[in-house]
Amino acid sequence: MRDVALSIEQLTVEVEGREILHSVNLEMRLGDTQVLFGPNGSGKTTLLMAIMGFPKYRVTKGKITFKGQDITMLPLDERARLGIGMSFQRPPVVRGVKMRDMVTACLRGRESEEGINQLAEQANLTDFLDREMNYGFSGGEIKRSELMQLLAQRPTLTLIDEPESGVDLVNIALIGDLINTLLEKDCPIPERRCMGLIITHTGHILDYINARTGYVMCDGVIGCEGDPREILATIREKGYQECVSCFRRRRTSGG
Amino acid sequence: MAKTTSSDTHKNKARAAVAKPAAFGEDIDFDIYVSPVKEQPSEVEPSKLPARDKARMLEAGVVVDNRSQRAGTFIQMNNAAIHSSVRQEGVEVMAVSQALEKYDWLSDYWWKAVAVDTDKFTANVELNQHNGYFVRTLPGSKTIYPVQACLYLAKAGLVQNVHNIIIAEENSELHIITGCTSASNEEAGLHLGVSEFYIKKGAKVTFTMIHNWNPEIAVRPRTGVIIEENGLFLSNYVLMKPVRSLQMYPAARCVGENAVVRFNSILTAGPGSSLDVGSRVILDAKATKTEIISRAITTGGRIIARGYIEGNAPDVKGHLECRGLILAGEGIIHAIPELKGTLAGIDLSHEAAVGKIAEEEVEYLMARGLTRSEAAATIVRGFLRVDIQGLPPLLGAELKRAVDASEKDLM
């Protein structure tokens with residue numbers, strides 16, 4: 001069995017004094033791609049932000065272990081340097097900071113003109129290298145830019161928040177390709193050195209990416225775990241309402 | 001020195017304005033400064049200047065040792081012009097006193113872009129003027145390298161009164177770097193500089209001014225620009241070093257169709273610095289355009305960032321962008337953007353923003369592995385990066401160097 005590289009135990013997270021996640025457990029091994037489903041407001045983004053280590057997402061209980069190290073209290077930037085990376089759903093505009101500067105920063109000393117140009121070409125963003133970060137970007141451009149930065153950063157754990165939101169059909173195939181590259185999908189699983197946790201509300205991205213495990217998050221807890229396609233089929237047929245009622249039924253009967 | 005061009009009318013108007021306070025900025029008492037004495041012009045080989053002076057000049061963008069990348073050089077120390085030279089045909093660089101002797105017609109340009117009775121500072125320059133530079137490109141001449149001018153304040157407590165005239169004849173192209181700096185890091189002084197620019201039909205002028213003063217110096221530049229049909233004036237102003245008090249509000253007037261003006265300013269104020277800086281553009285001819293962009297950073301000083309665009313002709317277009325960043329609690333930035341339109345069919349807009357570094361942006365960069373201080377430095381560097389269209393690469397690189405060299409002081 002491959003080693004557990006990320007382990008989340010009993011994680012409870014508060015945002016501005018309000019508890020959003022309640023005792024969440026999750027495990028990931030190198031080579032894994034896991035998908036997090038859930039209705040809006042269920043806590044999916046909070047989980048990603050808490051793993052990444054944003055100060056606003058305060059862990060009140062539980063533990064996050066990454067590559068054998070307890071990172072529960074580790075600052076955001078140290079987690080990034082340890083190998084956690086995130087594709088933001090709505091990244092901020094950073095005026096005056098060029099995409100080239102960001103990619104260079106992500107490469108942390110490994111940068112070369114040629115390497116940067118190659119990455120840009122791969123993400124179809126060659127004309128964007130001298131644009132200000134996220135300024136006037138379309139939905140698809142934002143996603144491609146986020147993934148390009150991650151390709152430069154090469155994290156062990158990639159957290160991806162809604163890769164398909166606001167993206168047209170032409171872009172989504174390219175986004176799928178970029179995620180597959182990032183998660184080393186062309187390598188046999190035992191040889192992969194990375195893993196990905198992807199939030200999807202609609203599940204469209206699963207037409208382009210294979211994932212092994214799916215979770216449904218409801219009311220700040222992981223309600224169920226299973227084959228992502230099976231979960232998606234149920235959601236598509238019955239809607240998230242069914243997941244929420246199922247979860248609430250079980251919680252009531254289970255005590 | 002013959003002063004035939006400064007007619008009695010100018011003198012009379014100036015005398016009437018000797019006590020007239022400036023419209024903006026705190027008042028300055030001339031009495032605390034040493035009265036300027038007439039200094040004889042002397043010729044000094046710039047590379048033979050003391051190393052310390054050369055280093056100060058270099059910080060303000062003036063290269064004295066290897067001048068191969070300069071079309072011409074003018075240096076004024078205190079109130080004496082000490083050097084002027086030209087390396088390219090079609091360009092004239094000389095002390096304005098010499099130009100007044102050479103060209104009778106120069107009086108037609110004297111106090112035409114700036115009013116002599118604007119305030120006590122213009123009046124003082126008229127009554128006690130000691131040189132300044134004259135730069136002119138002949139019709140159709142294009143400078144590849146910039147002309148550099150240095151106004152150097154070496155004597156403590158001195159008032160430097162200069163009057164500069166810049167003329168770009170029709171279809172010529174002129175790039176100027178002006179570095180204004182002082183020998184001392186601590187001694188008081190007052191710099192009064194009148195600059196009048198005349199951009200003729202189809203001519204293009206870029207004017208990059210770097211100010212490197214010290215925390216005891218007060219500065220009151222007075223600048224006027226007149227741009228004719230299809231002319232372009234592009235001004236870049238950089239103040240990254242401390243100054244006690246600076247007030248300026250250069251005004252450009254587009255008098256010919258399709259004339260274009262851009263003002264870019266980068267201002268920083270540390271504790272004890274007080275800046276009141278703006279750019280004013282009057283669009284008086286059809287289809288003229290302007291863009292005024294300023295970036296202001298305070299680490300404890302006070303900055304008033306003004307901007308004014310007035311549209312008085314059909315199809316004019318103007319945009320004013322003023323952004324301020326407060327990096328320390330004591331700093332003040334007061335943005336005052338103003339627009340005035342006097343007829344239908346004009347397009348004037350502005351945006352102004354004052355704030356601190358956004359935490360969300362810092363965290364975004366930290367999520368890419370930058371430390372908090374690296375992230376803040378990257379954002380500040382980005383904030384100061386004004387993309388300047390139409391600037392030759394060499395000048396762009398010099399401007400970037402001037403900003404980069406000082407930005408670490410901010411953090």
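Residues are numbered from 1 along each chain as its sequence is written, while chains are lettered from A and ligands numbered from 1 in the order in which they are written. This is a predicted model, in which local features need pLDDT of at least 70 and side-chain atom pairs count only at pLDDT 80 or more, whereas totals for chains, interfaces and linings use all residues.

**Where the chains touch**

Let us begin with the contact between the two chains. Two residues are in contact if their C-beta atoms, placed from the backbone, lie within 7 Å. By that rule, chain A brings 20 residues to the contact and chain B brings 18 residues. On the chain B side, helix H5 (359-366) and helix H6 (372-384) each supply at least two residues. Helices (H or I, at least four residues) and strands (E, at least two) are DSSP runs, numbered from the N terminus. H5(B) gives the largest share of this side, 6 residues. Sorted by class, the side of chain B that touches chain A holds 8 nonpolar, 4 polar and 6 charged residues. Here Ala, Val, Leu, Ile, Met, Phe, Trp, Tyr, Cys and Pro count as nonpolar, Asp, Glu, Lys and Arg as charged, and the others, Gly among them, as polar.

**A covered helix in chain A**

Is helix H3 (residues 99-107) of chain A mostly covered or mostly open? H3(A) is mostly covered, with 8 of its 9 residues buried. A residue is buried if 20 or more other C-beta atoms lie within 10 Å of its own, exposed if 12 or fewer, and partly exposed in between; C-beta atoms are placed from the backbone. Among the buried residues of H3(A) are A:Met99, A:Asp101, A:Val103 and A:Cys106. The buried residues of H3(A) pack against several elements of chain A, namely strand E7 (94-98), helix H4 (113-122), strand E8 (132-133) and helix H5 (139-153), and also against H5 and H6 of chain B.

Axes are lines fitted to C-alpha atoms, for helices over the stretch in contact, and angles run from 0 to 180 degrees between N-to-C directions.

| Helix pair | Axes come within | Crossing angle |
|---|---|---|
| H1(B) and H4(B) | 8 Å | roughly 135 degrees |
| H5(A) and H6(A) | 10 Å | roughly 15 degrees |
| H5(B) and H6(B) | 9 Å | roughly 120 degrees |

Angles under 35 degrees count as roughly parallel, over 145 as roughly antiparallel, 65 to 115 as roughly perpendicular and the rest as oblique. A crossing is left-handed if the near helix is turned anticlockwise from the far one by less than a right angle, and right-handed if clockwise.

Take the pair in chain A. H5(A) and H6(A) are roughly parallel to each other, and their crossing is left-handed. Residues of H5(A) including A:Leu147, A:Leu150 and A:Leu151 meet residues of H6(A) including A:Leu174, A:Ile175 and A:Leu178. The residues of this contact of H5(A) with H6(A) split into 8 nonpolar, 3 polar and 2 charged.

Next come the chain B helices that also take part in the contact with chain A. H5(B) and H6(B) are oblique to each other, and H5(B) passes H6(B) in a right-handed crossing. B:Glu361, B:Val362, B:Leu365 and B:Met366 of H5(B) make the contact with B:Arg372, B:Ala375, B:Ala376, B:Thr378 and B:Ile379 of H6(B). By class, those residues are 6 nonpolar, 1 polar and 2 charged.

Another chain B helix, H1(B), passes H4(B) in a left-handed crossing. Here B:His10, B:Lys11 and B:Ala14 in H1(B) meet B:Ala123, B:Glu126 and B:Leu127 in H4(B).

The domain assignment of chain B, which is automatic or from a database, gives domain 1 (8-358) and domain 2 (359-411). Their C-alpha centres lie 25 Å apart.

Which strand holds B:Ile303? B:Ile303 sits in strand E17 (residues 302-311) of chain B. B:Ile303 counts as buried because it has 26 C-beta neighbours inside 10 Å. B:Ile303 and B:Ser273 are 30 residues apart in sequence and 8.2 Å apart in space, C-alpha to C-alpha.

B:Ala81 has its place in strand E2 (residues 80-86) of chain B. B:Ala81 counts as buried because it has 25 C-beta neighbours inside 10 Å.
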